[in-house]
Amino acid sequence: MSWFIRKEKGINTPTEMKREAPDGLWYQCPQCKKITPTREHKLNAYTCPHCNYHDKVGSEIYFELLFDDNKFTELDANLTSGDPLKFVDTKAYPDRVKATIQKTGLKDAVRTGYGKMNDLDIVIACMDFSFIGGSMGSVVGEKIARAINYALKKKIPFLMISKSGGARMMEAGFSLMQMAKTSARLALLSEAKLPYISLLTDPTTGGVTASYAMLGDFNISEPEALIGFAGPRVIRETIGKDLPKGFQSAEFVLEHGFLDFIVDRKDLKDKLTSLLTMLS
Ligand SMILES: [Zn+2]
């Protein structure tokens, strides 16, 4: 039976000889842990076909999902952040920005553009969480303000897709001023009777929730998104009470009257289209 006995001990296949499935063919859902082919996951608008978990995606994907044939013109694509406070934490702020630009290929935490959505003209601003936690600094505020200006000038609706940890610490007071700036521009949009729809995605918190994200003619959200101002721990310690179950989920926020409806990402484009058709 010598042919049956392993003569060498251990398995000696070198790493480069091992046959493995190439990366990126499969997507594993972080919620239900089930596996889906990447292609199917993409066709499903990056939601899990088993449990409907909405994967966190950025502006590139939302633009692709919403603009007809992914055709749009980007506004202020090259606006980047200054360093008004000469801020240093573990890194100098300009170095952090530079490193993040290199890592993500993005210039800041929001991208804005205009194009057609089911043949309707629309301006869309979409935040990117991968850029310093989707934090709102001067560039985010300025780009949103300018996108609203464009909507005003062309008399077309404005859609904001938020995904943010809140104001950008490294710009401190300058970040907080963006709340007033964007809110004031949105008031002009409202005076001009142009629709503003705010889509809150997972997570939308802090100064973003406290300003433009909650100022929509319609405030809508993706399922199970985290929506809040301060984190649960801070609130628990402040009010000295335990928080109810599901606190700060989109479903809870809807039940308490802060959202108009929750929309599945697969239906987003069509729902937005019918909403805008009704409003115009
Ligand atoms: Zn799943």
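Student: Which residues coordinate the zinc ion?
Tutor: The zinc ion is held by the SG atoms of C29, C32, C48 and C51 at 2.3 Å, where donors are N, O and S atoms within 2.8 Å of the metal (3.2 Å for Na, K and Ca), and water is not among the atoms, so sites may look incomplete. This is a predicted model, in which local features need pLDDT of at least 70, side-chain atom pairs count only at pLDDT 80 or more, and totals for chains, interfaces and linings use all residues. Residues are numbered from 1 along each chain as its sequence is written, and side-chain values use heavy atoms, with hydrogens and water left out.

Student: What's the geometry of the site of the zinc ion?
Tutor: The site is tetrahedral, with angles of 106 to 113° among its four donor atoms; four donors count as tetrahedral if all angles lie between 85 and 135 degrees.

Student: And how are the donor residues spaced in sequence?
Tutor: The spacing is C-x2-C-x15-C-x2-C. C29 lies in the loop between β1 (26–28) and β2 (35–37), whereas C48 lies in the loop between α1 (38–43) and α2, so the pair ties together parts that are 19 residues apart in sequence. Helices (H or I, at least four residues) and strands (E, at least two) are DSSP runs, numbered from the N terminus.

Student: Is C48 buried or exposed?
Tutor: C48 is buried, at a relative accessible area of 2%, and C29 also counts as buried, at 1%; buried means under 20% relative accessible area, exposed over 50%, and partly exposed in between (1.4 Å probe, protein chains only).

Student: Switching to the sheet, what's the strand order?
Tutor: The open sheet of seven strands runs β3-β4-β5-β6-β7-β8-β9 with mixed pairing, and two strands pair if DSSP finds at least two bridges between them.

Methods:
Four donors count as tetrahedral if all angles lie between 85 and 135 degrees; four count as square planar and six as octahedral if opposite donors are over 155 degrees apart and all others between 65 and 115; anything else is irregular.
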